[in-house]
Amino acid sequence: MALGGSSAIHIQSSTTVPALASVPRTPSSITVHPVALFSILDHYLRRTDDQPRVIGTLLGTRSPDGTQVHVRSSFAVLHSENDEQVAVDMEYHRTMYELHSRVTAKEAIVGWYSTGSNLNTYSALIQNFYSQETAPHQAIHVALTTGAEEGEEPGVQAFVSSPVGVFPKPENCIFVPVPVRLQYQESERSGLDLLTQTALAPNSTTAQPVTSIANLDATLSTVSQMLDRVLAYVRQVLAGEVEGDKALGRYLMDTLGVGPISEKGGEDKAFNTSLQDTLMISYLANLVRSQAEVSTRLALVAA
Amino acid sequence: MAATSMAAALAASLPAPTAAPTPAAPTYEAIPASMAKVIDIEAEIPLQVVQLDGLVVTKIIKHARESSSATVHGLLLGLDLDGTLEVSNAFALPHHVSDEDEKSTKSSARYQASMLRSLREVQADDSVVGFYQATTLGAFFNQNLVEIQAIHQEKLRHGGVVIVHDLSLTARGNASFRAFRLTSSFLDAYKKSNFSTTSLVNHRLTFSSILEEVPLQVRVNPLLASFLGSLTKSTPSLLPDASPETAAPSVLPPSFSALDLGTAGLTKNLEQIIEAVDSYRTEEGNLAFLSRQIARERARADNYVAKRKEENMARVAQDLAPLPEEDVARLFKIPAEPSRLESMLLLGQIDAYGKSLASTASNNIINMWSAKASI
């Protein structure tokens with residue numbers, strides 16, 4: 001799903017030009033893993049008072065043709081900027097990259113991040129530095145607005161750069177926005193759900209662990225609430241209290257009409273067989289557990 | 001800012017957990033009266049609860065899912081304050097393929113030291129408070145976990161905790177994190193490295209009394225909370241004829257993976273129970289063999305002693321000098337009683353698999369009835 005504003009340029013890679021294998025193409029879409037974003041936010045929280053923004057390195061993978069960049073993780077890099085100069089601790093960056101690559105060998109440097117939406121000459125200089133690190137590929141830049149400053153919405157934007165001017169100079173470049181999406185594996189989804197629930201909870205804390213049953217209960221009650229809402233709306237429309245939205249009606253028909261409606265008998269039989277299997281497994285599981293318990297107690301009395 | 005400077009002081013006063021050089025002598029500030037009660041330099045306030053930061057949750061999940069190896073380890077970093085152990089960061093430890101212990105231990109220590117040093121430079125917490133381990137189907141009992149945690153409980157302030165993350169539960173829509181520490185009775189037996197039957201009886205050890213669970217909380221800092229809020233907000237689509245899925249897209253649409261009716265995990269779970277029972281039987285066989293050997297040796301020793309006594313009685317009756325009573329332990333090598341730790345851990349695994357199977361089964365029953373109700 002798209003993150004950030006809709007101002008990103010969807011670059012149409014020209015298929016007519018034969019792509020030269022030696023020249024990687026410009027990234028046209030970028031995906032970001034949640035852990036990278038959360039690391040950036042944590043880094044921002046831990047900045048010193050005199051740092052207006054923080055920067056760091058993005059690690060990730062590229063599709064074979066170089067048009068898609070997947071940002072998988074990120075780490076903070078020391079830097080200082082004032083009116084006269086900007087300095088990035090390159091040695092620190094190298095050390096951290098070396099440390100990271102020992103655990104996740106597949107992730108390469110793909111670009112850099114900064115907080116705030118401010119793109120200036122220093123951004124161009126840092127971009128130039130990271131372009132050398134990612135060569136022959138282009139470096140990408142992810143700007144994360146934290147929403148902590150007044151008048152800005154939290155969001156994420158991604159850029160690629162292109163040189164500008166008659167003579168390309170490192171401090172001159174155009175940042176071209178590219179679409180950026182949040183990407184995670186389906187199996188990681190529940191971790192994000194846990195965090196969103198926690199974010200809504202009072203004190204922003206939740207007790208762990210949640211049992212599977214409690215989790216299922218929560219999901220079922222959400223479904224039941226949604227059905228109630230739909231039912232209430234449909235009743236209101238039928239009673240003529242509100243005017244029905246035709247589009248909404250079609251959506252409902254599409255969603256509710258997909259269930260398998262077949263003859264009753266076959267389903268009951270399948271249901272009963274499956275129920276018996278499940279009960280059997282439940283019985284077996286409890287049997288195994290009691291055996292284990294008995295066995296460990298017996299070890300104690302054997303003396 | 002007293003809290004953070006105290007934190008630095010505490011970190012410096014720790015017996016450096018790894019080879020990290022201790023920072024320059026910390027500058028002490030006067031502790032404000034409001035904080036005096038919650039800061040304990042001597043680690044006197046017992047741990048009540050472990051608090052996991054949102055960042056750590058995602059880091060562990062990502063590492064556990066991406067790693068190709070079966071064992072996934074990482075270190076937890078944070079601080080303790082007034083009985084709450086706040087885990088604010090974590091990093092993964094590289095997986096060792098080779099078994100060259102000496103070398104890999106050294107390089108692992110070097111890795112940890114330079115990682116901690118690097119994190120300190122960007123103002124991240126750099127004191128180790130424990131480690132995390134990923135598992136599948138709840139079976140996290142193994143020698144490795146026990147060994148690392150035993151070392152940690154010796155060296156770390158408050159003894160550290162181990163956070164166990166269950167991959168298969170997470171895939172089923174319930175991100176599971178639990179915090180544990182070793183019980184004192186187990187630690188006592190472990191220090192004497194004595195897991196004979198008598199020791200088990202004395203310490204009243206079963207697999208369920210190896211570890212004690214510490215309450216765990218997950219916390220999201222306000223910045224992350226607001227950011228997540230903006231991610232889950234759905235924005236109406238601009239297209240007039242969007243399909244239901246795309247009509248109001250949000251970055252994080254609601255998920256209902258807990259309602260999945262599939263039973264793919266069950267077979268795996270059953271297989272793993274069988275595997276664990278098999279290895280338990282092998283282990284029991286070994287133990288039985290060893291105890292038979294012990295019994296045999298002991299019988300021989302007893303026999304010898306009895307015979308010698310009889311002989312001496314006969315010699316005394318004939319007014320001869322009795323033969324010296326020789327040291328039996330020197331003549332017969334009675335093997336030490338085998339350690340029952342491994343078999344206890346295996347039983348713990350079997351129990352965990354059974355538990356996870358039972359919970360899956362009960363979930364499935366509910367799911368089936370709710371699916372039936374909707375037809």
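Visitor: Which domains does chain A get?
Guide: The assignment for chain A gives domain 1 (29-187) and domain 2 (216-256). Such bounds come from an automatic or database domain assignment. This is a predicted model, where local features need pLDDT of at least 70, side-chain atom pairs count only at pLDDT 80 or more, and totals for chains, interfaces and linings use all residues. Residues are numbered from 1 along each chain as its sequence is written, and chains are lettered from A and ligands numbered from 1 in the order in which they are written.

Visitor: How many Å separate the centres of domain 1 and domain 2 of chain A?
Guide: Taken over C-alpha atoms, the centres are 43 Å apart.

Visitor: What does UniProt list for residues 30-165 of chain A?
Guide: An unreviewed UniProt entry lists them as "domain: MPN". UniProt positions are given in the numbering used here, feature names are shortened, and annotations may be inferred rather than shown by experiment.

Visitor: And how much helix and strand is in that span?
Guide: Residues 30-165 of chain A are 29% helix and 37% strand. The end C-alpha atoms of the span lie 27 Å apart. Helices (H or I, at least four residues) and strands (E, at least two) are DSSP runs, numbered from the N terminus.

Visitor: Which strand of chain B do the bridges join to S11(A)?
Guide: Strand S8 (residues 216-219) of chain B, through 4 bridges. S11(A) and S8(B) run antiparallel. Strands pair if DSSP finds at least two bridges between them.

Visitor: What stands opposite what there?
Guide: A:Thr205 faces B:Arg219, and A:Gln208 faces B:Leu216. B:Arg219 also has B:Asp53 opposite. S8(B) pairs in the parallel sense with strand S1 (residues 49-53) of chain B, over 4 bridges.

Visitor: What's the strand order in the open sheet?
Guide: The order is S11(A)-S8(B)-S1(B)-S3(B)-S2(B)-S4(B)-S5(B)-S6(B)-S7(B), 9 strands with mixed pairing.

Visitor: How do S2(B) and S3(B) run, parallel or antiparallel?
Guide: Antiparallel, with 8 bridges joining S2 (residues 73-81) to S3 (residues 84-92) of chain B. In S3(B), B:Ala90 is the bridge partner of B:Leu76.

Visitor: Now chain B overall. How many helices and strands?
Guide: Chain B has 13 helices and 8 strands. Of its 375 residues, 35% count as buried. Buried means 20 or more other C-beta atoms within 10 Å of a residue's own, exposed means 12 or fewer, and partly exposed is in between, with C-beta atoms placed from the backbone.

Visitor: And which domains is chain B divided into?
Guide: Domain 1 (2-223) and domain 2 (264-374). Their contact takes 14 residues from domain 1 of chain B and 17 from domain 2 of chain B. The domain 1 side has 7 nonpolar, 6 polar and 1 charged residues.

Definitions and conventions. Contact = placed C-beta atoms within 7 Å. Nonpolar A, V, L, I, M, F, W, Y, C, P; charged D, E, K, R; others polar.
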